[in-house]
Structure formats: structure tokens, C-alpha cells
Amino acid sequence: MPRCPVCAAPVDLVKTPTVPFCSDRCRTIDLGRWLNESYGLPRRTPSGAADDECGESGDGES
Ligand SMILES: [Zn+2]
């Protein structure tokens, strides 16, 4: 049985009209999070976002 992404409660796919959330409350919470990320600060993942600035100068004199 899948779990609610908000509160991790088991969600019955047949009996729950708010899947994948267990309840309308959890759906609202998730929607609020999503909206906050949307028009909030454009957060990027802190890792791997920086470009490699390895200057490969000085390759050696031939
Ligand atoms: Zn929930």
C-alpha cells in the first residue's frame, strides 16, 4: 500500500479520493509546499551546481 508523501500514513488507493494523499488536509499541505517553492526563492541543490573552474593552463612546454 502506498504511503502519503506528507504524513507517511498508508493510503488506500480505492477508498481514498485524495490519492496519493491520505486526506484533503495532507493534499493542501503538499500543495502549499509546492507553491512556496514555486514563487519563493529559486532554490537549487547546493551540491554539484558549481561549474568546474579548473584552469587547464600551463599544459607543459614542448
Ligand atoms: Zn497524510
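1. Cys-22 is partly exposed, with a relative accessible area of 28%, and Cys-7 is likewise partly exposed, at 41%; partly exposed here lies between buried, under 20% relative accessible area, and exposed, over 50%, with a 1.4 Å probe and protein chains only.

2. The model is a predicted one, in which local features need pLDDT of at least 70 and side-chain atom pairs count only at pLDDT 80 or more, whereas totals for chains, interfaces and linings use all residues. Residues are numbered from 1 along each chain as its sequence is written, and side-chain values use heavy atoms, with hydrogens and water left out.

3. Both of these cysteines belong to the zinc site, where the ion is coordinated by the SG atoms of Cys-4, Cys-7, Cys-22 and Cys-26 at 2.3 to 2.4 Å; donors are N, O and S atoms within 2.8 Å of the metal (3.2 Å for Na, K and Ca), and since water is not among the atoms, sites may look incomplete. Along the chain, the donors follow the spacing C-x2-C-x14-C-x3-C. Cys-7 and Cys-22 link distant parts of the chain, being 15 residues apart, although each is in the segment before α1.

4. What geometry does the site of the zinc ion have? The site is tetrahedral, with angles of 101 to 119° among its four donor atoms, the criterion for four donors being that all angles lie between 85 and 135 degrees. For comparison, the ideal angle for four tetrahedral donors is 109.5 degrees.

5. Is Thr-18 buried or exposed? Thr-18, which is found in the segment before α1 (24–39), is buried, because its relative accessible area is 8%. Leaving aside neighbours within four places in sequence, Thr-18 is in contact (heavy atoms within 4.5 Å) with Ser-23, Asp-24 and Arg-27.

6. Val-14, also in the segment before α1, is by contrast exposed, with a relative accessible area of 75%.

7. For the protein chain as a whole, there are one helix and zero strands, these being DSSP runs numbered from the N terminus, with helices (H or I) of at least four residues and strands (E) of at least two. Buried residues make up 11% of the 62 residues. Among contacts between residues at least 6 apart in sequence, 5% join residues at least 24 apart. The chain exposes about 5800 Å², of which carbon and sulfur atoms supply 52%, as calculated by the Shrake-Rupley method with a 1.4 Å probe; for residues, only the protein chains shown count as cover.

Technical notes
Four donors count as tetrahedral if all angles lie between 85 and 135 degrees; four count as square planar and six as octahedral if opposite donors are over 155 degrees apart and all others between 65 and 115; anything else is irregular.
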